Amino acid sequence: MYYFIVAMIFCLLCSCGHEERSSLSLSSSSIPFAFVDPCTSMPGPNCCALAFNGLCEEPSVCSLGTDEDDCRGTFHTELSCVEAYVIEEDGDLTRDLISFTWSDQLNGMSYTSEPIVLKLPSSIQSLSISVMDGEIETGMNWALNDESLKTMSGSNVATGALPHHYESTPEEGCLQIWPLVEGDRLEREARLLITSRHHEVTDPILDVNVIVVGEADVTEDELAEVLVVTANIFESHRGPSINLSGWFKIDGESLIPSEGNEINQLRQQEFSDNARALNVFIIDDFTEGDGTLGIAGGVPGPNGVEATSASGLVVAIEPHLSEEEEGVFELQYSLLASTIAHELGHQLGLEHTTEDDGSTQSSIDDLESCAYAELGSSEAEECPDGRNLMFWTSGDEPQDQLSAEQVFVLNHNPIIY
Ligand SMILES: [Zn+2]
(Lines give C-alpha, C1' and ligand atoms only; values in the text may rest on other atoms or scores of the structure.)
Protein backbone atom coordinates (compact mmCIF):
# COMPACT_ATOMS: atom_id res chain seq x y z
CA MET A 1 0.00 0.00 0.00
CA TYR A 2 1.34 3.44 0.70
CA TYR A 3 3.73 2.58 3.49
CA PHE A 4 6.63 2.16 1.21
CA ILE A 5 5.85 4.81 -1.35
CA VAL A 6 5.16 7.58 1.12
CA ALA A 7 8.26 6.72 3.05
CA MET A 8 10.38 6.93 -0.05
CA ILE A 9 8.99 10.30 -1.00
CA PHE A 10 9.76 11.54 2.47
CA CYS A 11 13.36 10.60 2.10
CA LEU A 12 13.75 11.95 -1.39
CA LEU A 13 12.32 15.31 -0.43
CA CYS A 14 14.40 16.00 2.59
CA SER A 15 17.49 13.89 1.96
CA CYS A 16 17.53 13.51 5.67
CA GLY A 17 19.14 10.14 5.73
CA HIS A 18 16.34 8.56 7.68
CA GLU A 19 16.42 4.89 7.28
CA GLU A 20 13.14 3.27 6.59
CA ARG A 21 11.77 0.11 7.83
CA SER A 22 8.84 -0.14 5.58
CA SER A 23 6.48 -2.97 5.07
CA LEU A 24 5.84 -3.61 1.47
CA SER A 25 3.45 -6.40 2.10
CA LEU A 26 0.35 -4.50 1.28
CA SER A 27 1.98 -2.96 -1.74
CA SER A 28 -0.59 -2.08 -4.38
CA SER A 29 -3.10 -3.78 -2.16
CA SER A 30 -5.79 -1.32 -3.01
CA ILE A 31 -5.60 -2.07 -6.71
CA PRO A 32 -8.38 -4.65 -6.93
CA PHE A 33 -10.67 -2.34 -5.04
CA ALA A 34 -9.57 1.06 -6.22
CA PHE A 35 -10.16 0.57 -9.92
CA VAL A 36 -13.82 -0.21 -9.51
CA ASP A 37 -16.66 0.81 -7.31
CA PRO A 38 -18.09 -2.60 -6.49
CA CYS A 39 -21.11 -1.11 -4.79
CA THR A 40 -22.49 0.30 -7.99
CA SER A 41 -22.76 -3.01 -9.69
CA MET A 42 -21.84 -5.87 -7.42
CA PRO A 43 -24.72 -7.01 -5.24
CA GLY A 44 -24.16 -9.28 -2.32
CA PRO A 45 -21.76 -9.51 0.59
CA ASN A 46 -18.67 -8.34 -1.24
CA CYS A 47 -20.42 -5.08 -1.96
CA CYS A 48 -21.43 -4.65 1.65
CA ALA A 49 -18.06 -5.67 2.92
CA LEU A 50 -16.37 -3.08 0.78
CA ALA A 51 -18.92 -0.44 1.60
CA PHE A 52 -18.54 -1.08 5.30
CA ASN A 53 -14.81 -0.72 5.04
CA GLY A 54 -15.26 2.75 3.70
CA LEU A 55 -13.94 1.97 0.28
CA CYS A 56 -17.11 3.09 -1.49
CA GLU A 57 -18.18 6.70 -1.41
CA GLU A 58 -21.82 5.75 -1.46
CA PRO A 59 -22.51 2.69 0.67
CA SER A 60 -26.20 3.37 0.18
CA VAL A 61 -26.06 1.98 -3.33
CA CYS A 62 -25.28 -1.41 -1.89
CA SER A 63 -28.28 -3.54 -2.67
CA LEU A 64 -28.28 -5.23 0.71
CA GLY A 65 -28.80 -2.13 2.80
CA THR A 66 -29.36 1.57 2.84
CA ASP A 67 -26.45 2.53 5.04
CA GLU A 68 -23.47 0.93 6.68
CA ASP A 69 -25.47 -0.37 9.64
CA ASP A 70 -28.14 -1.89 7.45
CA CYS A 71 -25.47 -3.37 5.34
CA ARG A 72 -23.79 -4.93 8.31
CA GLY A 73 -27.09 -6.05 9.80
CA THR A 74 -28.20 -7.73 6.65
CA PHE A 75 -24.87 -9.36 6.36
CA HIS A 76 -25.08 -10.88 9.83
CA THR A 77 -28.56 -12.26 9.43
CA GLU A 78 -27.18 -14.36 6.63
CA LEU A 79 -24.49 -15.86 8.82
CA SER A 80 -24.82 -19.60 8.65
CA CYS A 81 -22.61 -22.56 9.31
CA VAL A 82 -24.58 -24.85 7.07
CA GLU A 83 -22.19 -26.67 4.76
CA ALA A 84 -19.22 -25.17 6.54
CA TYR A 85 -15.70 -26.48 6.22
CA VAL A 86 -14.87 -27.80 9.68
CA ILE A 87 -11.53 -26.83 11.21
CA GLU A 88 -10.39 -29.54 13.57
CA GLU A 89 -7.37 -29.61 15.79
CA ASP A 90 -4.62 -31.56 14.10
CA GLY A 91 -1.36 -31.57 16.01
CA ASP A 92 0.73 -28.59 17.04
CA LEU A 93 0.17 -26.52 13.94
CA THR A 94 -3.13 -27.26 12.27
CA ARG A 95 -3.17 -26.54 8.56
CA ASP A 96 -6.13 -26.81 6.22
CA LEU A 97 -6.19 -26.32 2.47
CA ILE A 98 -9.40 -25.46 0.65
CA SER A 99 -9.46 -25.30 -3.13
CA PHE A 100 -12.20 -23.24 -4.72
CA THR A 101 -13.20 -21.91 -8.12
CA TRP A 102 -13.88 -18.29 -9.05
CA SER A 103 -17.54 -18.37 -9.96
CA ASP A 104 -18.31 -14.77 -10.91
CA GLN A 105 -16.69 -11.82 -12.48
CA LEU A 106 -17.38 -8.11 -12.54
CA ASN A 107 -15.50 -4.95 -13.42
CA GLY A 108 -12.17 -6.65 -13.79
CA MET A 109 -12.49 -8.63 -10.57
CA SER A 110 -13.31 -12.27 -10.08
CA TYR A 111 -14.98 -13.47 -6.92
CA THR A 112 -17.12 -16.23 -5.48
CA SER A 113 -20.84 -15.60 -5.26
CA GLU A 114 -21.09 -17.61 -2.06
CA PRO A 115 -18.74 -17.17 0.89
CA ILE A 116 -16.45 -19.94 2.00
CA VAL A 117 -17.65 -20.80 5.49
CA LEU A 118 -15.40 -22.24 8.16
CA LYS A 119 -16.70 -23.77 11.37
CA LEU A 120 -14.28 -23.04 14.18
CA PRO A 121 -14.15 -25.35 17.22
CA SER A 122 -14.10 -24.19 20.83
CA SER A 123 -10.41 -25.17 21.03
CA ILE A 124 -9.41 -22.38 18.63
CA GLN A 125 -6.74 -19.99 20.01
CA SER A 126 -5.55 -18.24 16.88
CA LEU A 127 -5.76 -18.56 13.15
CA SER A 128 -4.39 -17.16 9.94
CA ILE A 129 -6.06 -17.26 6.52
CA SER A 130 -4.30 -16.80 3.19
CA VAL A 131 -5.93 -16.54 -0.24
CA MET A 132 -3.66 -17.39 -3.13
CA ASP A 133 -4.09 -17.37 -6.87
CA GLY A 134 -0.61 -17.29 -8.32
CA GLU A 135 1.06 -14.08 -9.41
CA ILE A 136 -1.89 -11.79 -9.08
CA GLU A 137 -3.44 -9.21 -6.78
CA THR A 138 -5.61 -11.07 -4.34
CA GLY A 139 -7.90 -10.03 -1.53
CA MET A 140 -10.70 -11.12 0.73
CA ASN A 141 -13.41 -9.87 3.01
CA TRP A 142 -14.03 -11.90 6.10
CA ALA A 143 -15.96 -11.86 9.35
CA LEU A 144 -16.34 -14.08 12.40
CA ASN A 145 -19.64 -14.13 14.28
CA ASP A 146 -20.39 -10.58 15.41
CA GLU A 147 -16.99 -9.24 14.63
CA SER A 148 -16.98 -6.47 12.07
CA LEU A 149 -15.91 -7.17 8.54
CA LYS A 150 -12.33 -6.90 7.48
CA THR A 151 -10.69 -6.46 4.15
CA MET A 152 -7.24 -7.85 3.50
CA SER A 153 -5.39 -7.80 0.23
CA GLY A 154 -1.92 -8.26 -1.06
CA SER A 155 0.30 -8.88 -3.98
CA ASN A 156 -0.05 -12.57 -4.90
CA VAL A 157 -1.24 -13.59 -1.47
CA ALA A 158 -3.64 -11.94 0.98
CA THR A 159 -3.43 -12.88 4.64
CA GLY A 160 -5.49 -12.06 7.70
CA ALA A 161 -5.00 -13.31 11.25
CA LEU A 162 -6.87 -13.41 14.54
CA PRO A 163 -6.23 -12.08 17.07
CA HIS A 164 -4.81 -8.80 15.83
CA HIS A 165 -5.59 -7.04 19.10
CA TYR A 166 -7.04 -7.91 22.54
CA GLU A 167 -10.65 -7.90 21.34
CA SER A 168 -10.25 -10.17 18.35
CA THR A 169 -9.40 -13.54 19.83
CA PRO A 170 -11.10 -16.15 17.65
CA GLU A 171 -13.89 -18.13 19.22
CA GLU A 172 -16.12 -21.04 18.37
CA GLY A 173 -18.41 -20.15 15.51
CA CYS A 174 -18.77 -19.35 11.87
CA LEU A 175 -16.13 -17.59 9.83
CA GLN A 176 -17.21 -16.36 6.42
CA ILE A 177 -14.70 -15.49 3.74
CA TRP A 178 -15.32 -13.83 0.36
CA PRO A 179 -12.20 -14.05 -1.75
CA LEU A 180 -11.56 -11.56 -4.55
CA VAL A 181 -8.94 -11.47 -7.24
CA GLU A 182 -7.94 -9.04 -9.94
CA GLY A 183 -8.60 -10.08 -13.53
CA ASP A 184 -10.54 -12.69 -15.44
CA ARG A 185 -10.12 -15.86 -13.44
CA LEU A 186 -13.52 -17.40 -14.11
CA GLU A 187 -13.65 -21.15 -13.54
CA ARG A 188 -10.02 -21.17 -12.47
CA GLU A 189 -8.93 -22.68 -9.19
CA ALA A 190 -7.49 -20.81 -6.25
CA ARG A 191 -6.48 -21.82 -2.75
CA LEU A 192 -7.40 -20.84 0.74
CA LEU A 193 -4.92 -21.90 3.41
CA ILE A 194 -5.84 -21.84 7.07
CA THR A 195 -3.28 -22.17 9.82
CA SER A 196 -4.63 -22.48 13.33
CA ARG A 197 -3.46 -23.11 16.88
CA HIS A 198 -5.57 -24.88 19.46
CA HIS A 199 -3.54 -24.76 22.64
CA GLU A 200 -2.37 -22.12 25.08
CA VAL A 201 1.30 -21.24 24.94
CA THR A 202 3.14 -20.43 28.16
CA ASP A 203 6.74 -20.00 27.00
CA PRO A 204 6.32 -18.76 23.42
CA ILE A 205 8.92 -19.73 20.83
CA LEU A 206 9.40 -18.43 17.28
CA ASP A 207 11.37 -20.58 14.85
CA VAL A 208 13.36 -18.69 12.24
CA ASN A 209 15.51 -19.68 9.28
CA VAL A 210 18.31 -17.27 8.42
CA ILE A 211 19.22 -17.25 4.73
CA VAL A 212 22.25 -15.26 3.60
CA VAL A 213 21.97 -14.44 -0.09
CA GLY A 214 24.97 -14.21 -2.43
CA GLU A 215 27.62 -11.69 -1.48
CA ALA A 216 25.81 -10.09 1.47
CA ASP A 217 28.67 -8.65 3.49
CA VAL A 218 28.11 -10.17 6.89
CA THR A 219 29.57 -13.14 8.73
CA GLU A 220 27.78 -15.95 10.49
CA ASP A 221 29.30 -14.81 13.79
CA GLU A 222 28.07 -11.26 13.31
CA LEU A 223 24.55 -12.43 12.52
CA ALA A 224 24.53 -14.81 15.48
CA GLU A 225 25.42 -11.89 17.74
CA VAL A 226 22.71 -9.73 16.17
CA LEU A 227 20.09 -12.43 16.67
CA VAL A 228 20.86 -12.53 20.39
CA VAL A 229 19.98 -8.82 20.57
CA THR A 230 16.84 -9.38 18.47
CA ALA A 231 15.76 -12.16 20.80
CA ASN A 232 16.38 -9.91 23.83
CA ILE A 233 13.99 -7.28 22.46
CA PHE A 234 11.15 -9.81 22.38
CA GLU A 235 12.08 -11.73 25.52
CA SER A 236 12.49 -8.65 27.70
CA HIS A 237 8.80 -7.93 27.03
CA ARG A 238 7.72 -11.56 27.48
CA GLY A 239 7.44 -12.00 23.75
CA PRO A 240 8.60 -15.09 21.87
CA SER A 241 12.07 -16.55 22.25
CA ILE A 242 13.83 -16.96 18.94
CA ASN A 243 14.93 -20.44 18.00
CA LEU A 244 17.33 -20.61 15.08
CA SER A 245 15.78 -23.47 13.16
CA GLY A 246 17.97 -23.38 10.08
CA TRP A 247 20.99 -21.56 8.70
CA PHE A 248 21.46 -21.33 4.95
CA LYS A 249 23.79 -19.62 2.52
CA ILE A 250 22.51 -19.48 -1.01
CA ASP A 251 23.81 -18.23 -4.35
CA GLY A 252 21.95 -15.38 -5.89
CA GLU A 253 21.80 -11.67 -6.52
CA SER A 254 22.32 -9.77 -3.31
CA LEU A 255 21.35 -6.35 -4.66
CA ILE A 256 17.71 -6.49 -5.66
CA PRO A 257 14.70 -4.19 -6.04
CA SER A 258 12.46 -4.07 -2.99
CA GLU A 259 9.46 -5.17 -5.01
CA GLY A 260 8.78 -7.22 -8.10
CA ASN A 261 9.60 -10.63 -9.42
CA GLU A 262 13.11 -10.91 -8.08
CA ILE A 263 12.26 -10.40 -4.42
CA ASN A 264 9.06 -12.45 -4.82
CA GLN A 265 11.04 -15.37 -6.24
CA LEU A 266 13.56 -15.09 -3.42
CA ARG A 267 10.78 -15.38 -0.83
CA GLN A 268 9.18 -18.25 -2.75
CA GLN A 269 12.11 -20.57 -2.13
CA GLU A 270 11.68 -23.34 0.36
CA PHE A 271 14.40 -24.14 2.82
CA SER A 272 13.20 -26.65 5.35
CA ASP A 273 10.27 -28.84 6.17
CA ASN A 274 9.60 -26.83 9.30
CA ALA A 275 6.38 -25.10 8.23
CA ARG A 276 6.33 -22.83 11.26
CA ALA A 277 9.79 -21.34 10.67
CA LEU A 278 9.87 -17.74 9.42
CA ASN A 279 12.46 -17.05 6.75
CA VAL A 280 14.79 -14.10 7.34
CA PHE A 281 16.63 -13.27 4.10
CA ILE A 282 19.84 -11.26 4.40
CA ILE A 283 20.83 -9.35 1.27
CA ASP A 284 23.43 -6.69 0.61
CA ASP A 285 21.05 -3.87 -0.33
CA PHE A 286 17.94 -2.83 -2.22
CA THR A 287 18.64 -1.30 -5.61
CA GLU A 288 16.58 1.79 -4.78
CA GLY A 289 19.41 2.86 -2.48
CA ASP A 290 17.05 4.97 -0.38
CA GLY A 291 18.13 3.63 2.98
CA THR A 292 15.36 1.05 3.28
CA LEU A 293 16.50 -1.24 6.06
CA GLY A 294 14.16 -4.16 5.59
CA ILE A 295 10.82 -5.30 4.25
CA ALA A 296 8.31 -7.76 5.60
CA GLY A 297 6.29 -10.05 3.37
CA GLY A 298 3.00 -9.14 5.02
CA VAL A 299 1.17 -7.65 7.98
CA PRO A 300 0.78 -10.43 8.87
CA GLY A 301 2.61 -12.71 6.48
CA PRO A 302 1.20 -16.04 5.30
CA ASN A 303 2.86 -17.76 8.22
CA GLY A 304 2.76 -21.53 8.23
CA VAL A 305 2.38 -21.50 4.45
CA GLU A 306 5.64 -22.26 2.70
CA ALA A 307 7.01 -20.88 -0.50
CA THR A 308 4.75 -17.96 -1.30
CA SER A 309 5.99 -14.61 -2.58
CA ALA A 310 5.26 -13.18 0.86
CA SER A 311 6.91 -15.97 2.88
CA GLY A 312 9.57 -14.16 4.79
CA LEU A 313 11.25 -10.88 5.44
CA VAL A 314 14.21 -9.34 3.66
CA VAL A 315 16.82 -7.26 5.47
CA ALA A 316 19.62 -5.26 3.84
CA ILE A 317 23.10 -5.09 5.40
CA GLU A 318 24.48 -2.03 3.61
CA PRO A 319 22.19 0.56 5.28
CA HIS A 320 23.23 -0.88 8.65
CA LEU A 321 26.90 0.01 8.13
CA SER A 322 28.31 3.25 9.48
CA GLU A 323 31.59 4.79 8.41
CA GLU A 324 33.61 5.08 11.60
CA GLU A 325 36.60 6.53 9.84
CA GLU A 326 37.30 7.07 6.18
CA GLY A 327 36.79 3.85 4.29
CA VAL A 328 36.14 1.81 7.44
CA PHE A 329 32.57 0.60 7.81
CA GLU A 330 31.21 -1.04 10.90
CA LEU A 331 28.05 -3.03 11.37
CA GLN A 332 25.54 -1.38 13.71
CA TYR A 333 24.51 -4.46 15.64
CA SER A 334 21.65 -3.00 17.63
CA LEU A 335 20.14 -1.24 14.61
CA LEU A 336 20.23 -4.46 12.57
CA ALA A 337 18.77 -6.38 15.53
CA SER A 338 15.91 -3.87 15.76
CA THR A 339 15.26 -4.05 12.03
CA ILE A 340 14.99 -7.84 12.13
CA ALA A 341 12.69 -7.61 15.17
CA HIS A 342 10.60 -4.88 13.48
CA GLU A 343 10.09 -6.92 10.30
CA LEU A 344 9.36 -10.05 12.37
CA GLY A 345 6.79 -7.90 14.17
CA HIS A 346 5.10 -7.03 10.87
CA GLN A 347 5.22 -10.64 9.71
CA LEU A 348 3.52 -11.69 12.94
CA GLY A 349 0.79 -9.06 12.55
CA LEU A 350 1.95 -5.75 14.05
CA GLU A 351 1.28 -2.50 12.21
CA HIS A 352 3.33 0.65 12.70
CA THR A 353 2.41 2.57 15.85
CA THR A 354 2.57 5.75 13.76
CA GLU A 355 3.07 6.31 10.06
CA ASP A 356 5.17 9.20 8.81
CA ASP A 357 2.13 11.46 8.46
CA GLY A 358 1.03 10.83 12.04
CA SER A 359 -1.73 8.40 11.08
CA THR A 360 -1.93 4.81 12.22
CA GLN A 361 -3.43 1.58 10.91
CA SER A 362 -2.92 -0.15 14.21
CA SER A 363 -5.96 -1.27 16.19
CA ILE A 364 -3.89 -1.72 19.31
CA ASP A 365 -5.11 0.46 22.16
CA ASP A 366 -2.46 0.40 24.83
CA LEU A 367 0.09 2.64 23.22
CA GLU A 368 0.44 6.28 22.43
CA SER A 369 0.80 7.26 18.83
CA CYS A 370 2.23 10.48 17.55
CA ALA A 371 0.09 13.57 17.13
CA TYR A 372 2.52 15.49 15.01
CA ALA A 373 0.74 14.91 11.74
CA GLU A 374 0.60 18.62 11.03
CA LEU A 375 4.36 18.64 10.68
CA GLY A 376 3.99 16.53 7.56
CA SER A 377 6.20 13.87 9.02
CA SER A 378 6.75 12.42 12.44
CA GLU A 379 10.24 11.67 13.65
CA ALA A 380 11.17 9.31 16.44
CA GLU A 381 12.59 12.04 18.66
CA GLU A 382 9.37 14.03 18.76
CA CYS A 383 6.88 11.20 19.20
CA PRO A 384 5.84 9.39 22.41
CA ASP A 385 6.10 6.10 20.53
CA GLY A 386 9.43 6.98 18.94
CA ARG A 387 11.16 4.24 20.85
CA ASN A 388 8.58 1.60 20.11
CA LEU A 389 9.87 -1.25 17.97
CA MET A 390 7.06 -0.66 15.47
CA PHE A 391 7.59 3.07 14.90
CA TRP A 392 7.63 3.73 11.16
CA THR A 393 11.25 4.83 10.89
CA SER A 394 14.47 4.44 12.83
CA GLY A 395 15.71 7.14 15.19
CA ASP A 396 18.74 8.15 17.21
CA GLU A 397 17.63 6.20 20.26
CA PRO A 398 17.21 2.40 20.34
CA GLN A 399 13.75 1.23 19.36
CA ASP A 400 13.12 -1.76 21.54
CA GLN A 401 9.86 -1.03 23.36
CA LEU A 402 6.70 -3.11 22.98
CA SER A 403 3.32 -2.72 24.67
CA ALA A 404 1.57 -5.62 26.38
CA GLU A 405 -1.05 -5.73 23.62
CA GLN A 406 1.60 -5.80 20.91
CA VAL A 407 3.24 -8.74 22.69
CA PHE A 408 -0.17 -10.41 22.94
CA VAL A 409 -0.47 -10.26 19.14
CA LEU A 410 3.07 -11.56 18.64
CA ASN A 411 2.52 -14.49 20.99
CA HIS A 412 -0.80 -15.44 19.41
CA ASN A 413 0.31 -15.91 15.84
CA PRO A 414 -0.47 -19.55 14.98
CA ILE A 415 3.18 -20.41 14.24
CA ILE A 416 4.26 -19.48 17.77
CA TYR A 417 4.45 -22.59 19.96
ZN1 LIG B 1 7.70 -1.22 9.21
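This is a predicted model: local features need pLDDT of at least 70, side-chain atom pairs count only at pLDDT 80 or more; totals for chains, interfaces and linings use all residues.

1. Residues are numbered from 1 along each chain as its sequence is written.

2. Helices (H or I, at least four residues) and strands (E, at least two) are DSSP runs, numbered from the N terminus. Helix H6 covers residues 220-235, and its end C-alpha atoms are 22 Å apart, which agrees with the 22 Å that its 16 residues should span at 1.5 Å a residue, the expected span being 1.5 Å times one less than the number of residues.

3. In H6, the buried residues include Leu-223, Val-226 and Phe-234, where buried means 20 or more other C-beta atoms within 10 Å of the residue's own, exposed 12 or fewer, and partly exposed in between, with C-beta atoms placed from the backbone. On the face turned away from that buried side, H6 carries the exposed residues Asp-221, Ala-224 and Val-228.

4. Strand S11 has seven of its nine residues buried, so it is largely enclosed by the rest of the structure. S11 pairs with S12 in the parallel sense over nine bridges, and with S14, also in the parallel sense, over five bridges; pairing requires that DSSP find at least two bridges between two strands. Asn-209 stands opposite Asn-279 in S14.

5. Strands S18 (residues 321-325) and S19 (residues 328-331) run antiparallel and are joined by four bridges. They form a hairpin with two residues between them, and Gly-327 in the turn has a positive phi of about 80 degrees.
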